[in-house]
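Dear colleague,

Please find the structure below, together with its sequence.

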Amino acid sequence: MPTLQSFSHEKAVGPVNGEAQPAPDLHPGMPPLDLSGKQLSFFEFWPTKLFYIPIGVQWLWLSLKFRGLTLPTLANPGFPFGGLIGESKSRILDLAGPAARARIAPWILVRGAADQGRPGLDCRRIQERLDSAGLSFPLVAKPDIGCRGAGVRLLRGPRDLAGYLAGFPQDCDLVLQRYVPHEGEAGVFYVKLPGESKGKLLSVTLKYFPKVVGDGRATLRELIARDPRARRVARLYIRRHRARLNEVIPEGEPYRLVFSGSHCRGAIFRDGRPYVTPAMTEAFEEIARDLPEFYFGRFDVRFPDIESLRRGEDFTVVEINGAGSEGTHIWDRKTTLLEAYRSLMEQSALLYEVGFRNRARGFRPANLRQVWRVYWSEKRLVAQYPSTD
């Protein structure tokens, strides 16, 4: 069973027999996490609607320039709506050819009882499916349609599965995927213009999972309040761990505050672009080439150590996102607001260029009514999902 580790500074953990003990390696395989200086950028947790106003204005201008408000739905013609909205994780993963599939963590789709005749989310039948697929606990549960880590949880055994299903909407589909027990996680953003032979890695984000380390005296609530970064976004952790807030964490024991590698859930993001190598770029090019009509999106991957990722070896894809993706390196605390907007605007311009070229190749974008209907359908679904780990 995987342990829930934790985040802290690179300091000694508390005296044992009068001597300071070295801190545990809280992020094995990852570059050292620098927690000195400022903990957050000033815009990092602005309300979403406020932060994206300039990008919305740019999208309107790009729509006029390229004569198509919904051109982003053509970013990946093989994906539903290009992966812009309402993207089904299972349908995207199903597109993978043998080379790409070899990199993807094994998974199954469990269909909810949306139509008569479906068995629905029954633990016994799900266990039979898992056995047939050669999957065992721990598993990662995620809604088939959702974004920003909504409803994602780590399931350690059948009891966790039963508890998750009890709070999951019974008419929705669910993906169960093998848990990849590496600390290293990254979001790798890939773009290729139609007609070009190769794409490029426009962004790489290293994801760190915040942790606190117990001292045998302080409660979890107190440890969060002491931590220079965690206390700034304590609201993201307090509700998630409310059942254990008054528990004293044993001395030297790391306690992980976030499982989902999502910034809005409290994960720490760092700009990983300096770690990109030609070998790494070629490895992701091979995967992208094995996804039909894939031009724009992000691979979420796990890996045992950063050097393996740089060599393009021994990493596992856990999710593939389409046109709704962004280069999440912008949430590095050292990124300025101007740099963040410059990056996002570059991505938006490329997104419309990809859609424009695909339209010229004969593909047709979704109409605005379809986009609007799917957008609100997804919002209603997300509101029903269980809380995220």
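A polar contact of 3.4 Å joins the side chains of Lys207 and Asp300; such a contact is a pair of N or O atoms within 3.5 Å, where within protein one must be able to donate a hydrogen and the other to accept it, and residues adjacent in sequence count only if both atoms are side-chain atoms. This is a predicted model, in which local features need pLDDT of at least 70, side-chain atom pairs count only at pLDDT 80 or more, and totals for chains, interfaces and linings use all residues. Residues are numbered from 1 along each chain as its sequence is written, and side-chain values use heavy atoms, without hydrogens and water.

Lys207 belongs to strand S8 (residues 200-208); helices (H or I, at least four residues) and strands (E, at least two) are DSSP runs, numbered from the N terminus. Lys207 counts as buried because its relative accessibility is 4%, buried being under 20% relative accessible area, exposed over 50% and partly exposed in between (1.4 Å probe, protein chains only). Beyond its neighbours within four places in sequence, Lys207 has contacts (heavy atoms within 4.5 Å) that include Met30, Glu185, Phe269 and Asp300.

Strand S12 (residues 296-303) runs antiparallel to S13, and five bridges join the two; strands pair if DSSP finds at least two bridges between them. Strand S13 (residues 316-321) is largely enclosed by the rest of the structure, because six of its six residues are buried.

Ile53, by contrast, lies in helix H2 (residues 53-66) and is partly exposed, at 47% relative accessible area.

Yours sincerely
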